Amino acid sequence: VQLVESGGGLVQPGGSLRLSCLASGSTISIRTMGWYRQVPGKQRELVATITSSDNTNYADSVKGRFTISRDNAKNTVYLQMNSLKPEDTAVYYCTARTWVSTYWGQGTQVTVSS
């Protein structure tokens, strides 16, 4: 499975961005997809996940502001991020989990700053 993220960039506080992650390869084996983020010097942390049956899970810090969704026909998972805060600044990584492996994208930078 290969994952390619897009949609990162610079946005002002209170603004919105939508991240996309296109999966290719053995996509039929994917069970759960999600987004993690990481800032320098800190561990990578969960942002949101979505299962093949559309069950979602969010970090407390993004609940009510971020929405994860997936389009199985397009092999794509999205992260709609609203009401962005400076503390949301990080590299965001897409992940896909099968029964035996976890795959990661290369990451996309999100910077929230005025």
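**Exercise 1.** How many of the seven residues of strand E4 (residues 32-38) are buried?

*Solution.* Start with the terms. Strands (E, at least two residues) and helices (H or I, at least four residues) are DSSP runs, numbered from the N terminus. A residue is buried under 20% relative accessible area, exposed over 50%, and partly exposed in between, with a 1.4 Å probe and protein chains only. By this rule six of the seven residues in E4 are buried, and the strand is mostly covered.

The model is predicted: local features need pLDDT of at least 70, side-chain atom pairs count only at pLDDT 80 or more, and totals for chains, interfaces and linings use all residues. Residues are numbered from 1 along each chain as its sequence is written, and side-chain values use heavy atoms, with hydrogens and water left out.

**Exercise 2.** Describe the protein chain as a whole.

*Solution.* Step one is the secondary structure: the protein chain has zero helices and 11 strands.

Step two is the extent. The C-alpha atoms fill a box of roughly 40 × 25 × 20 Å along the principal axes. The radius of gyration is taken over C-alpha atoms, and the globule rule is 2.2 Å times the number of residues to the power 0.38. For 114 residues, a compact globule would have a value near 13 Å; the protein chain has 13 Å, so the two agree.

Of the 114 residues, 42% are buried. A contact means heavy atoms within 4.5 Å. Among contacts with a separation of 6 or more, 53% come from residues 24 or more positions apart.

**Exercise 3.** Which strands pair with E4, and in what sense?

*Solution.* Two strands pair if DSSP finds at least two bridges between them. Take E5 (residues 45-51): E4 and E5 pair in the antiparallel sense over six bridges. In this pairing Thr32 stands opposite Thr51, and Tyr36 stands opposite Leu46. The two strands form a hairpin with six residues between them, and Gly41 in the turn has a positive phi of about 85 degrees.

Now take E9: it runs antiparallel to E4, and seven bridges join the two. Here Arg37 stands opposite Tyr92.

Continue from E5 to E6. These strands also run antiparallel, joined by three bridges, and Thr49 has Asn57 as its bridge partner. Their hairpin has four residues between the strands, and Asp54 takes a positive phi near 70 degrees.

**Exercise 4.** Which residues of the largest nonpolar core touch the most other members?

*Solution.* A nonpolar core is a set of buried Ala, Val, Leu, Ile, Met, Phe, Trp, Tyr and Cys residues joined through side-chain atoms within 4.5 Å. The largest one has 28 residues, and Met33, Trp35, Leu79, Met81 and Tyr92 touch the most other members. At least two residues of this core come from each of E3 (17-24), E4, E5, E7 (66-71), E8, E9 and E11 (108-112). Look at Leu79: beyond its neighbours within four places in sequence, its contacts include Leu17, Trp35, Val47, Ile68 and Tyr92. In soluble globular proteins, nonpolar side chains tend to be buried together.

**Exercise 5.** Find the disulfide and state why it is left-handed.

*Solution.* A disulfide is a pair of cysteine sulfur atoms within 2.5 Å. A search of the whole structure finds one. Cys21 and Cys94 form it, with their sulfur atoms 2.1 Å apart. The pair links distant parts of the chain, since Cys21 lies in E3 and Cys94 in E9, 73 residues apart. Both cysteines are buried. The torsion about the S-S bond of Cys21 and Cys94 is about -80 degrees, so the disulfide is left-handed.

**Exercise 6.** Compare the places of Leu84 and Arg65.

*Solution.* Leu84 sits in the loop between E8 (76-81) and E9 (90-97). Leu84 is buried, with a relative accessible area of 2%. Beyond its neighbours within four places in sequence, Leu84 contacts residues including Val11, Pro13, Arg65, Phe66 and Val112.

Arg65 sits in the loop between E6 (56-58) and E7. Arg65 counts as buried, because its relative accessibility is 10%. The side chain of Arg65 makes a polar contact with the side chain of Asp88 (2.8 Å). A polar contact is a pair of N or O atoms within 3.5 Å; within protein, one must be able to donate a hydrogen and the other to accept it, and residues adjacent in sequence count only if both atoms are side-chain atoms.
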